Amino acid sequence: MSPRTARFALVMSAFVAGLAISLAAVLWLVTPRLAAPGAPPPTAAIGGPFRLLDQNGRTVTDADLKGHPFLVFFGFTHCPDVCPTTMFEISEVLRELGPDADRLGALFITVDPERDTPAALKDYLSSFDSHLLGLTGDPEAVAATAKAYRVYFKKVPLDDGGYTMDHTAIVYLMDKEGRFVAPFSLRRTTEAAVADLRKRL
Ligand SMILES: [Cu+2]
């Protein structure tokens, strides 16, 4: 082989190897994961039992929500933008639902129980629709609930000595049995969001 042919062969084999790796990656992504026979559907992996305190200091468990579909959002009252925006948008949906809002649960679960006491949640939620239930608890109970919903959160120190929280910002729609239905999109008109919820009531 001339040096030129050898170089060409080398480049070609690197190209083919790269192609094979890409193809394998694509196949891995598009192949549905095989579940064990009799295993619950993957959506069952989101949600689960919890035992927390609401903004009035009352104990609320997942059992209290049985029989009603519900929305769940994890956040914290010191959040500068995402949480207040989401709470505002959910409030718009609840208002548009009118009396039907009584047949739906809407949970704001804090990822910052250190600062978000029931009293802090009560104060925060006074700016939003009164159907919203703010939930907190001891850090272990909150962390277990977040884990059940596959919610990521992390304390991030700020320059001023305080801290903020990084967190998953998905609104979950759960059915009457407490099973995950789908992420609930607020990137649509209030009417469209309400029509989606009415189907579940
Ligand atoms: Cu937030």
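Residues are numbered from 1 along each chain as its sequence is written, and side-chain values rest on heavy atoms, with hydrogens and water left out. Because the model is predicted, local features need pLDDT of at least 70 and side-chain atom pairs count only at pLDDT 80 or more, whereas totals for chains, interfaces and linings use all residues.

**Fold**

The protein chain holds five helices and nine strands, taken as DSSP runs numbered from the N terminus (helices H or I, at least four residues; strands E, at least two). From the N terminus on, the order of elements is α-β-β-β-α-β-α-β-α-β-β-β-β-α. Of the 201 residues, 35% count as buried, that is, under 20% relative accessible area with a 1.4 Å probe and protein chains only (exposed is over 50%, partly exposed in between).

**Strand S3**

In S3 (residues 70-75), six of six residues are buried. Phe-70, Val-72 and Phe-74 point one way, and Leu-71, Phe-73 and Gly-75 the other. In a regular strand, side chains alternate between the two faces of the sheet. The pairings of S3 are tabulated below; two strands pair if DSSP finds at least two bridges between them.

| Partner of S3 | Sense and bridges |
|---|---|
| S4 (residues 105-110) | parallel, six bridges |
| S8 (residues 172-174) | antiparallel, three bridges |

Phe-70 has Gly-105 as its bridge partner in S4 and Met-174 in S8. Together, S3, H2 and S4 make a right-handed β-α-β unit; with the strands pointing away from the viewer, the path from the first strand over the helix to the second runs clockwise.

**Copper site**

Cys-79 (SG), Cys-83 (SG) and His-167 (NE2) are the protein donors of the copper ion, at 2.1 to 2.2 Å from it. Donors are N, O and S atoms within 2.8 Å of the metal (3.2 Å for Na, K and Ca), and the site may look incomplete because water is not among the atoms. The sequence spacing of the donor residues is C-x3-C-x83-H. Cys-83 in helix H2 (residues 82-97) and His-167 in strand S7 (residues 163-167) lie 84 residues apart and link distant parts of the chain. Cys-83 counts as buried because its relative accessibility is 0%; His-167, at 16%, is buried as well.

**Largest pocket**

A pocket is an open set of points on a 1 Å grid over the protein atoms alone, where a 1.4 Å probe fits, with protein on both sides within 12 Å along at least five of seven lines; lining residues have an atom within 4 Å of a point. The largest pocket has a volume of about 150 Å³, the space filled by probe spheres set on the points. Its lining includes Val-82, Glu-89, Phe-184 and Arg-187.
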